[in-house]
Amino acid sequence: MKIKILLSLILTGLLFAGTVYSQQKIGYVDSKIIMETLQDARDAQTNLDNTVQKWKLELQQMNDSLLIMKDDYDKKKLILTEKVKQQKEEEIKAQEKKITDFKQQKYGENGEYFQKQSELMKPVQDRVFKAIQDVAKEGGYDFVIDRSTQLMLLYMNDRYDLTQKVIKKLETQ
């Protein structure tokens, strides 16, 4: 008897939960498409790419210099005195450290790349987020999911795709 009551309570709870969930409106956007469409985002990405290209050239020059130093050392090490050998080895180590430090400074955990990316993209991301919120509120959506993230969505009905509405909202701002 207790089992029947428990089962009926569970079944009633599930049915009630189903009606609650069926009343919620869920939409989705593809933030990757939105960002590719926005001129501000493309400009920010171009600016970031140009900065990275400059850093790559600097790094390439440092690596070329290191290769020349090593090659020169290898060619002359048989005729160099111990003192000069040690000095050349220290110069090579110093250049290797300079390269490592440069990489860390530019691309490390709190490097300039991430700071620059945040500086350039944050205003654009804030605008996109506000537009998504506005579209969701105007459309009466309870949840908006970003399709371009790692969240696995097995099926999406295109009629709930808010991407174009968000792009239009951004274009009118």
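Tutor: Gladly, and please keep in mind from the start that this is a predicted model.

Student: What makes W55 count as buried?

Tutor: W55 has a relative accessibility of 6%, and buried means under 20%, so W55 counts as buried.

Student: Why is Y107 called partly exposed?

Tutor: The relative accessible area of Y107 is 30%, and partly exposed is the range between the 20% limit for buried and the 50% limit for exposed, so Y107 is partly exposed. F114, at 40% relative accessibility, counts as partly exposed by that rule too.

Student: How many aromatic pairs are there, and why is the pair of W55 and Y107 called edge-to-face?

Tutor: The count comes to 3 aromatic pairs. In the pair of W55 and Y107 the ring centres are 5.8 Å apart and the planes stand at 85 degrees; since rings pair if their centres lie within 6.5 Å, and planes over 60 degrees apart count as edge-to-face, the pair is edge-to-face. W55 lies in helix α3 and Y107 in helix α4 (residues 82-107), so this pair ties together parts that are 52 residues apart in sequence.

Student: What makes Y113 and F114 an edge-to-face pair?

Tutor: Their ring centres are 5.3 Å apart and their planes are at 85 degrees, so that pair is edge-to-face, and ring pairs link W55, Y107, Y113 and F114 into a cluster.

Student: How do you know that K25 lies over the face of Y141?

Tutor: K25 is placed at 4.6 Å from the ring centre of Y141, where the distance limit is 6 Å, and K25 does lie over the face of that ring.

Student: Which residues of α5 are buried, and what covers them?

Tutor: Helix α5, residues 112-139, has 28 residues, and its buried residues include L120, V124, V128, I132 and V135. What covers the buried residues of α5 includes β1 (26-29), α2 (31-37), α3 (39-76), β2 (143-146) and α6 (163-172).

Student: Where does α5 have a kink?

Tutor: A kink of about 40 degrees lies at M121, shortly before the proline P123.

Student: Which residues have the most contacts inside the largest nonpolar core?

Tutor: That core has 20 residues, and those with the most contacts inside it are I34, L38, V128, V166 and L170. The elements that give two or more residues to this core are α2, α3, α5 and α6, and its largest share, 8 residues, comes from α5. A second, separate core of 9 residues includes W55, I92, I99 and F102.

Notes:
Residues numbered from 1 in each chain as written. Predicted model: local features only at pLDDT ≥ 70, side-chain atom pairs only at ≥ 80, totals over all residues. Heavy atoms only, no water. Helix = DSSP H or I, 4+ residues; strand = E, 2+ residues; numbered from the N terminus. Expected span 1.5 Å × (residues − 1). Bend = angle between axes of the 7 residues up to and from the residue. Buried < 20%, exposed > 50% of the residue type's maximum accessible area, 1.4 Å probe, protein only. Contact = heavy atoms within 4.5 Å. Phe/Tyr/Trp six-rings, centres within 6.5 Å; stacked < 30°, edge-to-face > 60°. Lys NZ or Arg CZ within 6 Å of the ring centre and 35° of its normal. Core = buried A, V, L, I, M, F, W, Y, C linked by side-chain atoms within 4.5 Å.
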